[in-house]
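Keep the structure open beside you as you read.

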Amino acid sequence: MPVLGIDVGSSTSTVATISRGAIDIVLNDVSQRYTPTCVSYGEYQRVFGEQANTQIVSNFKNTCRGFLNILGLNLNSDKDENWNITELDKFFSSTPLVVDEKGQLSYQVTNAGKTVNVSAVSALVGYVNYLTDLAEKYTGGVCREVVMSYPSWFSEYQKSLLVASVRACGSNCLRLVSEGFAMAMDYGMYRIKQLNDETATTVALVNIGHSHTTVAIVDFFATYCVILSELSDRDLGGRYLEYLLMNEMCQEFNKKYKLDPLGNPKTRLKVEATASKVKRVLSANSESSYSLECLMEDYDLNGNLKREEFEVLCSREFLPRLSELLMCSLKVSGRTMESIDSVEVVGGITRVPCVQALISHVFDKPVSKTLNADESIARGCVLQGAINSKHYMVRKYNVIEKLSRPFTVTFLQGLGPFSQQQMHNAEIITVANVGTNYNEVFTVKVKLDPPFTVFTSFDDPRITSKNQLQTFQYTLSQVTEYSPTRDKTNEKKGEEKKEGEEEVNMTEVEEYLSKVEKELQQETGRTNANKNALDRDAEGWIIKFKFDETVNLFSFCKGLDVSVMSPFILETDKLSTNETVQKKRDLHETNRLRTLNDLETYVYTVRDKLQTTHKDFVDPKNMNQVIDKLNETENWLYENRTATLENLEKMYKTLTSHFDQVENNYNVYLNKEQNLSAFFSRLSNLHQYSVGTDNSWLNVPENERASISNKLNMLSNNTMELVEREKNMPKYNNPLYTMEQLDQELRNVKDEMDKLIKKHKVVEHPKSEPEPAKEPEVTEPEDVQKNEPESQNQETEMEVDDGKSQEEMAK
């Protein structure tokens, strides 16, 4: 089963897999390595990727993009501004953003003839499902194991939505990894020979993508690496540079014509495409010109921009923010510029010269570009997927992450519900501080007696936030701790118990558990105290926490039963059901449109054939009827563009019934015109063989050879007669013969000849070897020689007598 590494970006997405021991990038429908991250909602279906990107201007109100940027965010309603969408999110969204009935940020689109709200997670589920289908078509296998990346600024709620989107597609999310984790995996896995476990190689990994920037400082060793810091700026990316260019390009246009192209979504998309092109040109050239004809009210937008002017725009805010992010990352990691051994850059914006120069200046080192700028994150994801998957045998390379926020808990007596006052008065305990290894087992001691409830968070656990973790309820386990003292007391009481006395100090369950403990003690040699020791000491219960591969927190404590409650309502089953229904609708609409296009193409093709190649194959009496049927179908198509699939198939079948016989007669005529001469050539060759002197054929009796020759002559004469008769017939009449019939008759005669040759084949026996020369014999009397040869018995007797005579002579 191929494993997938998926990097969903705000502009494009990349899917990587492993084929024949090497990483391979999945190609999309147009054989491109990168697929646009957008989905377009038509009247009855959705389209994704390149097909949606081509409709972004014509169907801008229903084309959703950048859904990863707004996943799990609010529309300026959260007290914490970090979880509200930004002005850039609103600016680059051509689809209106609204809040649905569940309070989720959604796109307002027209689907199935109705205006509906599509949540960002629903759009992401459909897009991930589309990427999975592309991978299955590319690899030829079932792809149901996925590793996805996320920006480091994502909250726990947003990570949960990512996992839910993968599971809603029917796939297994093996692991979620941050972008810094993926870059570190891609860097370290292929440099094992250059690294060692004694001395760390510190590398700064800088990724500047379309919407955000991520900086990670990593210590690399031969078998593992440690991510010292990973910071992000969610609005510092390529789209911010495009935003600056768009304002600069439209400023003169606005002054001159008093028109704002950026105020209209359709013209804004056109200007955005031009600004993106200018940005790419200026990355490699010193100057770029741009032109948009008839942008607004027949006015053109054109101009010229130099690289120096572009760098001035970048230096106003973009470069200072980038410099601040790089310095902050260094500070959090605890490293200095001198301790950085190398600087690796990935992402499309790192190709901009002034951006490269700033990164090199901050770290006082030249930038390195050994990682693939556009595929590094997807490659790191698929490498981690191969390590986690049971279908691959890959050498492990451990990436150790550190907490970027403190892990805190609070606990209350009972199982709830709890009032706001109780939550407010609860004590907050910091279990792990910033910089603690993410993969460790965290412990906290609770002095309460069960049942009690523990709230966990990367924020304040007493309040509901997007960084809230699972809530755990602890109750006393049904299997109690075994006590040797209690067991001896029970045994003594059992000996003193009189017949008929009721036992009250030991239940049947306790007796059974005591028996099991004794057997285990005898088999394993371990003491009961060690085996049944509870996670408890004098200070209270010892509660343990650990994060799994999908960033979910789970807890365990020996002696307590634990129940888990998720802080977020994800509705994965509902998302999966909705995606299945929508996918069936998309497939049905795709088949309907294909049939509609086929029917329309068929009408135009038949009309063209009736005027050219097929004109003579239609009865003049029926020509008007066929043309009327074509016109009728064409008019029906124009009036019924939304006809059902069943009606389209019925109309297609009716139209073909009027033209199939014409098409068949034409094909028969064309086949005879192309292959009749070759048939007569083969017939002539076969006839010459039947009257020839080939040795294998001469073994066949003469009357049978004559019969075959007559059959070939008859086939030739009949065919010539049919050919002459058809020359005088109209072409629209049914043909008198077909090439298939002639070939079959010739094949039958050939098969009969082969059977005769095989039947009368002469079997040649191998020649016997010459007998070896005999030794000279004693001359016998003439009368004996005259009587030779006689019977075999007489020869035997003579040989015996001769032997006797020789013996007598010897004596």
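The notes below cover the basis of the model, its salt bridges and its cysteines.

## About the model

This is a predicted model, in which local features need pLDDT of at least 70 and side-chain atom pairs count only at pLDDT 80 or more, while totals for chains, interfaces and linings use all residues. Residues are numbered from 1 along each chain as its sequence is written, and side-chain values use heavy atoms, leaving out hydrogens and water.

## Salt bridges

The whole structure has 34 salt bridges (a side-chain nitrogen of Lys or Arg within 4 Å of a carboxyl oxygen of Asp or Glu). One of them pairs glutamate 726 with lysine 672, at 2.6 Å from N to O. Glutamate 726 sits in helix α20 (residues 702-727) and lysine 672 in helix α18, so this bridge ties together parts 54 residues apart in sequence. Helices here are DSSP runs (H or I, at least four residues), numbered from the N terminus. Both glutamate 726 and lysine 672 are buried (under 20% relative accessible area; exposed is over 50%, partly exposed in between, with a 1.4 Å probe and protein chains only).

Lysine 609 also forms a salt bridge, with glutamate 663, where the closest N and O atoms are 3.4 Å apart. Lysine 609 is partly exposed, at 23% relative accessibility.

## Cysteines

How many disulfides does the structure hold? There are 0, a disulfide being a pair of cysteine sulfur atoms within 2.5 Å. The sulfur of cysteine 64 has its closest cysteine sulfur in cysteine 38, and 9.3 Å is too far for a bond. Cysteine 64 is buried, at 0% relative accessibility.

Definitions and conventions
Helices (H or I, at least four residues) and strands (E, at least two) are DSSP runs, numbered from the N terminus.
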